[in-house]
Amino acid sequence: MANTTTEGPLTLRRDAWWVAPLLTVIVLTAFGIYATWRALEGRYYEVGPYLSPFYSPLILVDWWKFSPAILILWAPLGFRVTCYYYRKAYYRSFFWSPPACAVRGLKSRQGKYTGETRFPYILQNVHRYFFYAATVVLAFLWYDAFKAFFFEDGFGVGVGSIVLLVNAALLTMYSVSCHSCRHLVGGKLDIFSSCPTRYRLWRWVSALNEHHMFWAWISLFGVALADLYVRLVATGTIIDVRLI
Amino acid sequence: MSEVVLQVFRGTTREQGELKEYRVPYVEGMVVLDALHYIQANYDGDLAVRWNCKAAKCGSCSAEVNGKPRLTCKTRIDSLPKDEPIRVYPMRAFPLIKDLVTDVSWNYEAKKRIPPFTPDKNTDWIMFQEDIDRLQEFRKCIECFLCQNVCHILRDHGRKDAFFGPRLMIKIAELEMHPKDILDRTEFLRKEAGVGFCNITKCCTEVCPEGIHITDNGIIPLKERVVDRYFDPVMWIFRKISGRK
């Protein structure tokens with residue numbers, strides 16, 4: 001089409017549009033490095049009634065010679081990688097596609113861009129299956145959080161109990177606010193009035209979904225901090241304080 | 001602030017056009033479109049600006065103010081940095097006609113290709129509020145085409161041949177989710193409208209002057225419907241067993 005432009009400067013914006021993608025790169029890279037190191041470390045994941053969320057459910061089998069975290073982390077990792085919010089975050093910050101609104105990506109592939117219609121990006125469409133898998137893992141995290149209140153001497157509340165409980169709650173909010181969950185509970189319906197229960201569920205999930213970005217970040221920090229807490233207690237760096 | 005400095009794109013081609021500087025008296029509460037009107041009335045009567053309502057409802061005065069797609073009638077001067085000139089450019093995704101006016105006719109041509117509202121011939125026309133709440137958000141669209149302009153698939157990659165853009169996705173969502181519409185546009189959505197091209201970077205939502213959640217409420221639900229049909233084997237088996245679409 002004549003007289004449109006895909007050339008010229010990167011952007012005509014003069015505000016600090018690069019701050020958000022830069023922060024995203026820093027935080028996601030830091031999390032990626034920490035999570036990879038912890039997943040491969042294969043120790044300091046369990047102490048007392050506490051189990052690190054990176055290792056839950058704990059699968060210890062003879063035939064697996066590597067860290068047990070690898071057996072289960074694919075589910076939450078896949079859930080986050082294919083998440084509609086994280087897609088926005090990493091498409092912008094890592095792939096510059098585009099880096100910010102009205103800022104041109106480094107490569108303007110005139111007529112060649114295919115988005116999520118070709119391999120590997122077409123695999124983003126399996127997000128709901130990672131949602132199902134992550135929900136199973138989440139059930140185990142709730143079990144771990146419950147278990148964290150039962151010490152050798154019986155019921156009690158440690159800081160770790162609260163950390164694991166908050167972590168499970170934050171991950172639940174992130175999972176329930178998921179766009180695929182919203183679709184499955186009722187979004188796919190055209191006539192809500194014929195399914196009032198699903199309509200109510202859809203409205204509830206929609207309200208959470210408006211803050212999906214918030215839940216995505218806060219639950220990411222939550223799971224990293226919960227793992228860090230368990231590791232610090234397991235290595236003896238800090239002592240878990242019993243509140244009750 | 002007694003006056004504002006504007007640099008406005010002037011020309012009939014992007015290659016040969018250039019920014020021209022104007023000084024405009026500042027009036028409290030004025031918007032960029034007011035300043036452009038002052039320029040028309042006092043300096044350059046031939047400055048081409050498309051506008052109509054000056055109330056953010058007609059969607060005519062779309063442009064790029066300091067590089068951001070905006071309605072000039074809704075952009076207050078006092079919301080912009082005061083220590084630098086205000087730069088006004090035409091929308092970049094559409095062919096330039098003159099100065100700030102672009103040819104947005106492609107949007108209307110593409111819209112004609114969307115299968116229209118198709119009710120059952122025996123429909124009772126009784127609708128409940130909960131069934132149309134979703135659609136009413138989409139109907140707030142004023143067709144300013146700022147979302148089309150900022151969409152990098154159209155703007156940077158020039159894929160008007162393969163992707164209809166956010167505005168038309170919202171139009172399709174409005175029809176697809178209508179309680180009285182019986183037409184299935186899933187195949188059209190995937191193949192002709194190209195919903196898979198969207199990588200949901202949400203710029204359309206960021207620039208929408210009507211505050212429509214284009215991505216979350218329109219495009220993503222449409223993508224999920226395409227997943228139901230083409231990428232979910234469980235749904236496929238369910239449809240086969242239940243006989244539902």
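A polar contact is a pair of N or O atoms within 3.5 Å; within protein, one atom must be able to donate a hydrogen and the other to accept it, and residues adjacent in sequence count only if both atoms are side-chain atoms. The structure described here is a predicted model, in which local features need pLDDT of at least 70 and side-chain atom pairs count only at pLDDT 80 or more, while totals for chains, interfaces and linings use all residues. Residues are numbered from 1 along each chain as its sequence is written, chains are lettered from A and ligands numbered from 1 in the order in which they are written, and side-chain values use heavy atoms, with hydrogens and water left out.

Between chain B and chain A, 28 residue pairs are in polar contact, both residues being at pLDDT 80 or more. Several elements of chain B each supply at least two residues to the side that touches chain A, among them strand S4 (68-71), strand S5 (86-89), helix H3 (129-138) and helix H10 (233-242). Helices and strands are DSSP runs numbered from the N terminus, helices being H or I with at least four residues and strands E with at least two. H9(B) gives the most to this side, with nine residues. The residues of the side of chain B that touches chain A comprise 25 nonpolar, twelve polar and 24 charged. In this division, Ala, Val, Leu, Ile, Met, Phe, Trp, Tyr, Cys and Pro count as nonpolar, Asp, Glu, Lys and Arg as charged, and the others, Gly among them, as polar.

In terms of contact (heavy atoms within 4.5 Å), 61 residues of chain B meet 54 residues of chain A. The area buried between the two chains is about 4,900 Å², and carbon and sulfur atoms give 51% of this area. Buried area is the accessible area (1.4 Å probe) that two parts lose on being put together, summed over both.

Side chains of opposite charge can pair when their charged atoms come close. With a salt bridge defined as a side-chain nitrogen of Lys or Arg within 4 Å of a carboxyl oxygen of Asp or Glu, nine are counted between chain B and chain A. In one of these, A:Arg128 and B:Asp232 meet through their side chains at 2.7 Å, N to O. Just after H10(B), B:Gly243 takes a positive phi of about 80°.

Over all chains, the count comes to 39 salt bridges. B:Arg225 forms a salt bridge with A:Asp190, and the closest N and O atoms are 2.9 Å apart. This pair joins two chains, because B:Arg225 lies in helix H9 of chain B and A:Asp190 in the loop between helix H6 (179-187) and helix H7 (196-209) of chain A.

Chain A has eight helices and four strands, which follow the pattern α-β-β-α-α-α-β-β-α-α-α-α along the sequence. The C-alpha atoms of chain A fill a box of roughly 75 × 50 × 40 Å, taken along the principal axes.

Two cis peptide bonds are described in the loops of chain A. The bond from A:Ser56 to A:Pro57 has omega near 0°, and A:Pro57 is placed in the loop between strand S2 (50-51) and helix H2 (69-81). The bond from A:Phe119 to A:Pro120 has omega near 5°, and A:Pro120 is placed in the loop between helix H3 (84-93) and helix H4 (127-147). A:Ala102 lies in the loop between H3 and H4 of chain A and has a positive phi of about 60° although it is not a glycine.
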